[in-house]
Structure formats: structure tokens, C-alpha cells
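Please keep the sequence and the coordinates at hand while reading.

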Amino acid sequence: MERSKKQTPRGAHALVFDGAEIGAVVWLSKGFSAEGVVRLHGATIKGDLSCENGTFIGAPIEKPWNEGKKTHIALSMKRARVDGQV
């Protein structure tokens with residue numbers, strides 16, 4: 001999986017699953033904790049994606065649509081597909 005070269009500060013990703021094909025449930029819950037962005041860009045999850053009671057602390061990322069101001073992103077799922085429940 002490839003690290004993003006966009007406007008994300010070094011070390012801002014907690015997990016990167018870009019393009020991953022996961023054939024089961026993904027558990028980011030019940031004790032899961034991430035400080036930084038959890039990325040699933042273009043990922044396919046054949047089961048459920050569970051985030052219930054997980055802790056996500058986003059990373060500050062500068063976005064052009066936000067007039068150059070930083071915003072915090074915790075979970076990013078551009079073009080991701082989840083066949084089960086979210």
C-alpha cells in the first residue's frame with residue numbers, strides 16, 4: 001500500500017489500506033484506537049466495517065476547499081466499497 005503524497009503531514013496516517021481487498025469483517029471497534037488518519041481509499045471490504053466504540057483522533061490536514069485552513073480527518077474512504085454493514 002502506497003503512502004499518500006498529497007497534503008498530509010509526515011506521520012499523519014495511523015493505518016493505510018489503500019486498494020486493499022479484504023474478504024471479511026473489518027473491526028475498528030471495541031478497544032481500537034488510532035491517532036491520525038485511517039485511510040481506506042479504493043479498498044474493498046467483503047464483510048462489515050465496524051467502528052462502534054472505536055477511538056479515532058484525526059490528523060490536521062490542510063485542504064484547499066477549506067481556504068487553506070487545517071481540518072482534522074480521522075477516517076477517509078474515497079472510492080471504498082463495503083459489501084456489508086457500516
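## Strands and their pairing

Two strands pair if DSSP finds at least two bridges between them, and strands (E, at least two residues), like helices (H or I, at least four residues), are DSSP runs numbered from the N terminus. The model is predicted, so that local features need pLDDT of at least 70 and side-chain atom pairs count only at pLDDT 80 or more, whereas totals for chains, interfaces and linings use all residues. Residues are numbered from 1 along each chain as its sequence is written, and side-chain values use heavy atoms, with hydrogens and water left out.

The chain has 0 helices and 12 strands. Of these, 3 strands form an open sheet with parallel pairing, in the order E2-E6-E12, and its edge strands, E2 (21-22) and E12 (81-82), each pair on one side only. E2 and E6 (residues 44-45) are joined in the parallel sense over 2 bridges, and Ile22 has Ile45 in E6 as its bridge partner. Strands of a sheet pair through backbone hydrogen bonds, either parallel or antiparallel.

## Confidence

The mean pLDDT (the predictor's confidence in each residue, from 0 to 100) of the chain is 86, and 85% of its residues reach 70 or more. Over residues 1-8, however, the pLDDT is below 50, although this stretch has 19 contacts in the model beyond near neighbours in sequence; contact means heavy atoms within 4.5 Å. Where pLDDT is low, the predicted coordinates should not be read in detail.

## Burial and a loop serine

Buried residues make up 34% of the 86 residues in the chain, where buried means under 20% relative accessible area, exposed over 50%, and partly exposed in between, with a 1.4 Å probe and protein chains only.

Ser29, in the loop between strand E3 (26-27) and strand E4 (33-35), counts as buried because its relative accessibility is 8%. Leaving aside neighbours within four places in sequence, Ser29 is in contact with Ser50, Cys51, Glu52, Asn53 and Gly54.

## Salt bridges

A search of the whole structure finds 2 salt bridges, each being a side-chain nitrogen of Lys or Arg within 4 Å of a carboxyl oxygen of Asp or Glu. In one of them, Arg39 pairs with Asp18, the closest N and O atoms being 2.2 Å apart. Because Arg39 lies in strand E5 (residues 37-39) and Asp18 in the loop between strand E1 (13-16) and E2, the pair ties together parts that are 21 residues apart in sequence. Arg39 is buried at 9% relative accessible area, and Asp18 is buried at 15%.

Asp83 forms a salt bridge with Arg81, with 2.7 Å between the closest N and O atoms. Here Asp83 is partly exposed, at 38% relative accessible area, and Arg81 is partly exposed, at 45%.
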